[in-house]
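Open the model in your viewer and keep the selection tool at hand.

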Amino acid sequence: MSIYIYPTYNPVRDKSGNLYIKYFHDAFKDQGYVISNNIGRAGIISIFANLSSSIFIINWVDLIPNKRFGKIQFAVFVVGLCLLKMLNKDVVWVLHNKRAHKGKSMLVSCGMSLMAKLSTVVITHSLEGVSFFDLTYPKYSGKCHYIPHPVYTNLIYPFKKEKWDYIIWGGINERKKVADFLEFISNREFYESKKILICGRCNDSEYTKRIESACSANIVFENRFLSDEELKERISQSRCVLFTYSPDSVLSSGALIYSLNFCKPIIGPRVGSFEDLTDIVSCYNTFEDIEKIPLKENMHACSSYISSNTWLDFPHKVMSLIKNT
């Protein structure tokens, strides 16, 4: 059985460091499925070159309108999706976000509504994703299913001598609310003695300036892409992994799942996959809550999640949903 997965993975082009889509492709390939990838570099247009596939799995519909020639790509996506349904192809929508990250978008809303209508199965990596889908698209309630985000490795990384109290890591942008957090703690006595590391590339020069202006002597901002080994070292040297994400759009977080293998205390917003993992993550409602949260030991809970949610098992979970539809 052949499967088309969007987006395709290209190690030359994909420099974000997020290997989710690579692992997604590899998981199905390792289970013996044929991954269709004709003219994969053509973006969503490559749907038309892979019509012989039996199953089409679509990720990040909400990002298509913001790509280069986004309106054209979106129009191609709509035509392609309608064609797939005319050909009675199985379409799987992986729902990652509640809406566009950069404010409201008519095209994103339209694309998501169309996916809700025409998809065979919808998959999300958080229980909130299921609730969001059922409330937003009540006509298609029951089509969306929760599959926990697979872990990237089954290894448990050893602790190292602590250098930082908190680490905030990953791609830095406005929706991560890093600047908001730094500005909030600037006059909080609790953080005066706390060492905070922020590491990850920020491509927005204005937002970079805002973060830098909010940094004090005990806060370090590494504005660059870190190699996997560098990232492992920094998380291992941190007492706690902190996520400051805005709850407006996020449903799940690959950075959260990556962090589980370090078995460090984790603090994150009460939303999406953060709230699902309450035995691992200490959740806050507002930044004021963070300093009151006791750090929880989560070694057993992290180990349990890691053993239960591997990429090896992921294709079977997806195919079972399709077969039972």
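Buried here means under 20% relative accessible area, exposed means over 50%, and partly exposed lies in between (1.4 Å probe, protein chains only). Helices (H or I, at least four residues) and strands (E, at least two) are DSSP runs, numbered from the N terminus. This is a predicted model, in which local features need pLDDT of at least 70 and side-chain atom pairs count only at pLDDT 80 or more, while totals for chains, interfaces and linings use all residues. Residues are numbered from 1 along each chain as its sequence is written, and side-chain values use heavy atoms, with hydrogens and water left out.

**Helix 7**

Select residues 228-236, which form helix 7 and include Ser-236. Buried residues in helix 7 are Leu-231, Lys-232, Arg-234, Ile-235 and Ser-236. Now show what covers them: strand 7 (164-169), strand 8 (196-199), strand 9 (219-222), strand 10 (238-242) and helix 8 (254-259) are included in that cover.

Stay on Ser-236. Why does Ser-236 count as buried? Because its relative accessibility is 4%. Leaving aside residues up to four places away in sequence, Ser-236 touches Pro-158, Phe-159, Lys-160, Phe-262 and Lys-264, where contact means heavy atoms within 4.5 Å.

**The nonpolar cores**

A nonpolar core is a set of buried Ala, Val, Leu, Ile, Met, Phe, Trp, Tyr and Cys residues joined through side-chain atoms within 4.5 Å. Select Phe-24, Phe-28, Ile-57, Trp-169, Phe-243, Leu-260 and Ile-280: of the 55 residues in the largest core, these touch the most other members. Apart from that core lies another, of 29 residues, with Tyr-6, Val-61, Val-108 and Phe-132 among them.

**The cavities**

A cavity is a set of points, on a 1 Å grid over the protein atoms alone, where a 1.4 Å probe fits but cannot get out; lining residues have an atom within 4 Å of a point. Grid points are joined across faces, edges and corners, and a volume is the space filled by probe spheres set on the points. How many cavities of 30 Å³ or more are there? The count is 2.

The largest cavity holds about 50 Å³. Its lining includes Ile-168, Trp-169, Lys-176, Phe-243 and Tyr-245.

For the second largest cavity, of about 30 Å³, select Trp-60, Val-61, Asp-62, Trp-93, Val-94, Leu-95, His-96, Asn-97 and Met-112. Strand 4 (residues 90-95) gives the most to this lining, with 3 residues.

Methods. 1 Å grid on protein atoms, 1.4 Å probe; cavity = no way out; pocket = protein on both sides within 12 Å on 5 of 7 lines; lining within 4 Å.
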